[in-house]
Amino acid sequence: MRERRRPPALAAEMEPARRVLLLGEGNFSFAASLCGAVGTHVVATCYESEEEVSGRGRAAESIRRLRERGAEVLFSVDCTKLKDYFLPEKRNFDCIYFNFPHCGRKAGVVKNRELLAQFFHGSAEVLTEEGEIHVALCNGQGGTPADQPRREWHNSWQIVAVAAGAGFILSNVHPFKADTIHGYKCTGYRSQDKSFCVEGALNHIFTRSMPLPYFKPMICEIELESRKVSFQVPQVLVDKINRGFLELNSNHPVRTIKEKLTAELSQAFPLQNIDYCLSLLHQGHLNGVCHSNIFWIILSPEETPSTEEMSNGLANAVLFSHVDFCRDTDKNGWVNVEEGCHISKQYYLRPSLLPYAQAIIQRGAFLPGTLHVLSGPVFRKCLITPYSMPVFHEVVFVCAVNRGTENSCIQMLMNNIQTSIHSFHQTVPGFKVNVNLQEATSFETTELNDFAAFESQLSKIQYFICMEIDTSGSCEKGFCVGIIRTAHYELVSSELVVVFASLNLDLLAMLICGISDWRMLWTSDTRFLHQFPRGELRLFKSFSLYPPSYVHDVSFWVPDREQFDEVAFHTVARLVSGEMVVSIQLIDSFQQSETGRKSLCYRLTFQSCDKALSRQEVAGMQLLFRKEINQCLRVALR
């Protein structure tokens with residue numbers, strides 16, 4: 001028997017009403033303007049008693065209209081204790097409005113910040129998970145760049161930082177246009193029945209943030225040299241190593257860009273994908289590569305995970321599991337390197353796919369003229385900057401051609417890469433790009449970004465693939481997003497030259513989609529991927545605006561006769577903060593003439609790109625950071 005479909009009007013009636021809570025109403029004129037909207041149930045409240053409010057101009061009329069239209073009107077409601085006024089089953093508001101909150105009389109910014117802080121904490125208890133909080137403030141009060149003119153931070157209400165303390169992020173801000181709200185009249189100046197200036201006022205829209213994550217240690221089990229081994233994943237990579245961005249069911253921008261690149265190149269070359277056989281681990285030493293940039297691994301042959309999770313995206317037979325603790329680590333998840341020094345073979349997480357490409361050529365497992373494609377995540381310790389990534393997705397194109405034709409092969413590769421990237425201009429509005437090939441000899445080492453600088457350590461580079469982005473009329477500086485190198489292999493044929501082209505897919509995604517912080521690519525907040533439905537590429541719109549930043553300094557003595565490892569210093573900061581440190585600057589250094597001891601002072605800036613981050617949480621991170629650099633880097637804190 002076929003189910004009868006409900007008429008659209010009937011279906012709309014059966015949808016649960018959107019519950020809207022209004023706080024601090026002065027004369028209820030704003031509530032009255034919202035009441036009556038289809039599918040909306042309004043609960044309008046004020047802090048004063050009904051007797052006090054009814055004497056205000058037009059308040060009695062607005063209250064009558066609200067009640068006639070089925071709205072609830074409540075009096076003497078304290079916005080800091082909202083759950084006290086609603087039964088548990090009624091604490092499910094989809095939207096909360098608080099227009100022009102104020103402690104009354106001549107209360108200063110500190111008292112009003114305290115009011116907002118308690119309001120946000122109270123709202124968190126009665127708001128649905130997907131709900132919104134709207135707070136209208138007079139021009140300058142909020143303390144965000146949207147205020148024009150902008151007040152000094154200490155003289156503002158610091159609304160974004162205050163909201164972060166209750167787990168909210170600012171997701172939108174727009175002008176509060178009082179003249180477009182039918183019947184609205186502001187009132188309540190200094191707790192009186194007087195209006196106040198709302199010109200330039202802003203409506204701030206807050207949503208819930210995902211909580212700051214805590215990740216248990218992770219064990220990875222793989223097959224290596226015909227035996228099963230396991231190792232602890234470096235704690236700073238636990239939330240990234242097994243994300244599957246390049247898998248078939250992914251609509252992540254990184255995969256979309258890779259697929260469009262390979263589709264374009266398949267028009268010019270026969271293609272062969274060989275991603276399936278790439279191991280996560282390398283063995284031995286990388287010649288010319290700084291060991292500080294490597295994630296070293298200690299194997300545990302006898303250790304096997306209890307709860308296994310299969311990952312088809314990284315390699316064959318790769319198993320991941322979370323555990324409560326690991327034998328070869330201390331209580332904070334640091335690998336005990338000293339205990340593992342007796343291991344004769346040294347292993348590390350792959351920092352590049354180039355060795356796999358070279359191995360394929362050396363084994364002779366290739367077809368001349370065919371473009372072989374390798375892709376996957378690679379892992380490199382690096383300094384903290386917006387475009388420096390401890391993990392990113394690399395794609396390597398490999399093609400063997402006759403000697404003397406390598407330049408035409410390189411040009412064909414570049415033409416197709418340029419065509420593919422330029423095609424994004426049609427799908428990403430406001431995106432203009434210039435892609436060019438530059439000889440490696442034209443660059444000084446200091447001009448290279450982290451990606452290019454590391455690649456130059458692996459082997460000689462012939463060309464850098466550079467991009468310049470023009471968005472909204474402003475041109476970004478050129479970024480190195482890829483490299484091209486050639487090599488001759490006697491094992492293959494003296495007549496063949498192999499061309500290797502490597503691209504940083506994450507950096508491409510950032511530049512094409514206007515993502516200014518690499519961490520956003522790894523967010524677990526669904527609002528990120530929802531902006532790229534079915535793998536479409538668009539300019540990214542941040543769902544966390546003007547996130548607050550917090551600055552802390554740390555000073556210490558460097559251990560005598562030791563070279564200070566700045567990369568390790570940054571890696572500790574990544575770990576203890578959960579990637580919440582966005583900048584580390586050396587602001588002072590000096591050396592004692594008598595003892596030769598060296599002192600350094602660094603400034604750390606903490607800021608999240610996608611989550612609420614409070615001052616108290618940052619203070620805890622800073623204390624842990626001081627403890628860890630003392631223990632792990634053996635510095636003496638000052």
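V373 stands opposite F397 in β17. I start there because the pair sits in a predicted model, and it gives us a way into strand β16, residues 371–379.

Nine of the nine residues of β16 are buried. On one side, β16 pairs with strand β17, residues 391–402, in the antiparallel sense, over eight bridges. β16 also pairs with strand β10, residues 271–273, this time in the parallel sense and over three bridges.

How many strands does the open sheet hold, and in what order? Four, in the order β24-β25-β23-β26, with antiparallel pairing. β24, residues 581–591, and β26 are the edge strands, each pairing on one side only. Between β23 and β25 there are eight bridges, and the two strands run antiparallel. One example is V551, whose bridge partner in β25 is T605.

Helix α13 touches β23, β24 and β25, and its direction makes about 140 degrees with that of β24. Helix α14 touches β23, β25 and β26, and its direction makes about 15 degrees with that of β23.

Let me stay with α14, residues 615–632. Its 18 residues should span 26 Å at 1.5 Å a residue, and the end C-alpha atoms are 25 Å apart, which agrees. Which residues of α14 are buried? They are V618, M621, Q622, F625, E628 and I629. Seen down the axis of α14, these buried residues fall within an arc of 135 degrees, so they line one face of the helix. As background, an α-helix has 3.6 residues a turn, so residues three or four places apart point the same way. On the other side of α14, Q616 and L623 are exposed. The cover over the buried residues of α14 includes β23 (550–557), α13 (566–577), β25 (598–606) and β26 (636–637). Just after the helix, R634 takes a positive phi of about 60 degrees.

A164 lies in helix α6, residues 159–164. Is A164 buried or exposed? It has 5% relative accessibility, so A164 counts as buried, the cut-off being under 20%. A164 and L613 are 449 residues apart along the chain, yet their C-alpha atoms are separated by 5.6 Å. Leaving out residues up to four places away in sequence, A164 touches P548, A612, L613 and S614.

Another helix is α9, residues 406–427. α9 has 22 residues and reaches 33 Å from its first C-alpha to its last, close to the 32 Å expected at 1.5 Å a residue. Its buried residues include E406, C409, I410, L413 and M414. Further along α9, N416, I417, Q418, S420, I421 and F424 are buried too.

Last, the cysteines. C466 has 5% relative accessibility, so C466 counts as buried. C35, at 8% relative accessibility, counts as buried as well.

Methods:
Residues are numbered from 1 along each chain as its sequence is written. This is a predicted model: local features need pLDDT of at least 70, side-chain atom pairs count only at pLDDT 80 or more; totals for chains, interfaces and linings use all residues. Side-chain values use heavy atoms; hydrogens and water are left out. Buried means under 20% relative accessible area, exposed over 50%, partly exposed in between (1.4 Å probe, protein chains only). The expected span of a helix is 1.5 Å times one less than its number of residues. The arc is that of the directions from the helix axis to the C-beta atoms. Contact means heavy atoms within 4.5 Å. Two strands pair if DSSP finds at least two bridges between them. Axes are lines fitted to C-alpha atoms, for helices over the stretch in contact, and angles run from 0 to 180 degrees between N-to-C directions.
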